[in-house]
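Trainee: I would like a close look at one part of this model, with the cut-offs stated as you go.

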Amino acid sequence: MAGKYIIAHDVGTSGNKAVLVDPQGHIHGSAFEPYEVSYPRPDWAEQKPADWWRAVTRSTQQLLAESGVQPGEIMCVTYSTQMLGVIPVDGSGTLLRPAIIWLDGRAQKQAQQIMRKFLGPKVFAAAAGTPLSGKDVAPKMLWLKQNEPDVYKRTAKFLDVSGYLLYRSTDLMVADWTAASVVGLDLKKKQWMTWLFNYIGLDPAKLPTLVKSTDRVGGLTAQAASECGLLEGTPVIAGAGDAPSAAVGSGAVGEGEGHISLGTSGWVAVVTERIVTGKHGIASIHSADPGKAFLIAETETAGACLQWIADQFYREEQKDPAIENVFALMDRDVEAIEPGSSYLIFTPWMYGERAPIADTFVRSTFFNLSADHHREHLLRAVYEGVAYNLRWIMEVMEHSFGHRQEVFRVIGGGARGAPWMQIIADVTGKRIETVPNSQEAGAVGVALIAAIGLGIYPDFAALKDVIKVARAFEPQSDHARVYDCLFAAYKKVYRSLKTVYREVNEERFSEAKAPILNQTR
C-alpha cells in the first residue's frame, strides 16, 4: 500500500489538532490551529464551521512543513470530532447559519415538547434509549424549525461536525454511525429511526447518508487537496466521534472495558456488545467497532473546572514568566492539602450536566465553605469534585447496567497530572491507568480506526495490544473514609438544591432577551 502515515484530525471545542500517525499508533508530528466559541446568550454556544475547515487546512499544511513528509506519503485523512453539533446546509452545501454545538442548551422547551408526545421522559427513554435534554440534536432541530423557520425550510441536510468536514473533503454528505447514534440511529438495524423524526415533526429526508467509521467516504477533491497541500484522491476515511475514537486510543476496546476522558468536558465510557436502554443521563450509542455499542456518560465540564479556577485564582501566576506551567503549580498546591479539602465540596456543573444527572439548569457550588479554607482548599475541592462526579457515574454504570470495572484507562489533558489521577483513584476506589500521548488518544484512536478501514488490521480486537500502559495509580485505602463521607454528601447537595437551581436559572434564561454573554472562549 502506498504511503506511510495517516493524518488524523482531532476537531475539538477550542481548536483542531492535526496529528501524523503511523499504522502502529506512533506519533510523528502534530500541529494545532485554534478557533473560538461564541456565547450569544446564556445557554447558547455556537461556532463557525468555516473556522473548522480553515483549522484543518492550516494545520495540515503546517504538519507537512514541519515534519518534512511529502503528500505522497499520506495514506489517508480521517476525523475525530466533537459530537452533538447541528449544521444546516442547503442543497449546494452552503451554510445557512452558525453551528449550534454540543455545549448549547437552548432547546429545553423543545425537548419537553418531544417527550410529551411519548407521554413523558420515561416512555420516551423506553423508545429511544435515553431522555432528551436541551443539548440534544433533535430538540435543536425542532428549535430551528420553530424559531428560524426559513433556515429549516432551506435546509437540505443537517450535518454534524464530522459530516461537515467530510463534505468539505469529498463533496459527499454523510454521517458515520457514531455521529448518527446521538441523533436517532437504530443501533440494531443501523438505520435512521425515520418513524421517530416523522412523529416529532422533523423531516427525515434532511438526514444524510449513513456510513461506518471504517468506510472510505471518497477521495480528497481537487479543491480540498489544494487547500490542504495533499494529493487529489487521497482516501478519506469516515472516522468517528471524539468519544468512540478516544476509546480506541485508550486501548479499552474489549468487551466491558472502560475508559475516562478528561478534557474540557469529560466522560466515562464502556464498550459492550449489549444494546441497552440509557438512563440517568447515560446514553447507549454506537461504537467505532461496527459490532459493538458504546455506553457513555458525559460530564459537561471536567478540565474546564480546572481552567476556571486557574483563570480566577491563579491570574498572577499565569502572567509570571518564571512559571512555565500553571497547572503543574496547581498540582503541587493540591498535594499540600489533606484529602477531603477540610470537608469542602465543589460540584462541577458549570454549564449544566448530562450525567449522572441530566439537568440543563444545575450549576456549580462550593458547599461548606468556611473562614479557615484557603485558596488551595478550593483548588483541591475542584479536583475532588470532578472525581466525585466520576464515581457517581461509575455507581450508576454498575447498578443500572451491570458494568463493574476495577480498572479504568484515562486519557485527555487531565491524565498528565499525577495528583489528579491519584485523587480519582482514591475517590473511586479504582485502579487508574494512563497511556502514552494521552492528550492525543482521540487522534491515535481514529488513525487506528482508519488503519482498519485501509485493511492494515483485520478488526478492532487486533488493536488490543497496540496501546500500552504508561503509569498506574492504585487507590489508597486510608483515604476511603473521608471520601465515602463526602461522596454521600455530594449527592445530597444536588438532591437538596435541584429545585432552587431550576427556579433561579429559569428566571435568568427567560430574561435573556439580548446577548449578555457576548464573549468568546
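Trainee: Leaving aside its neighbours within four places in sequence, which residues is His 9 in contact with?

Mentor: This is a predicted model, in which local features need pLDDT of at least 70 and side-chain atom pairs count only at pLDDT 80 or more, while totals for chains, interfaces and linings use all residues. Residues are numbered from 1 along each chain as its sequence is written, and side-chain values use heavy atoms, with hydrogens and water left out.

His 9 lies in strand E1 (residues 5-11). Strands (E, at least two residues) and helices (H or I, at least four) are DSSP runs, numbered from the N terminus. With those sequence neighbours set aside, the contacts of His 9 (heavy atoms within 4.5 Å) are Asn 16, Lys 17, Ala 18, Val 56, Ser 59, Thr 60, Val 77, Thr 78, Tyr 79 and Ser 80. The relative accessibility of His 9 is 1%, so His 9 counts as buried; the term means under 20% relative accessible area, against over 50% for exposed and partly exposed in between (1.4 Å probe, protein chains only).

Among these contacts, Val 56, Ser 59 and Thr 60 belong to helix H1 (residues 49-67).

As for its length, H1 has 19 residues and should span 27 Å at 1.5 Å a residue, which agrees with the 27 Å between its end C-alpha atoms. The expected span is 1.5 Å times one less than the number of residues. Just after H1 comes Gly 68, with a positive phi of about 80 degrees.
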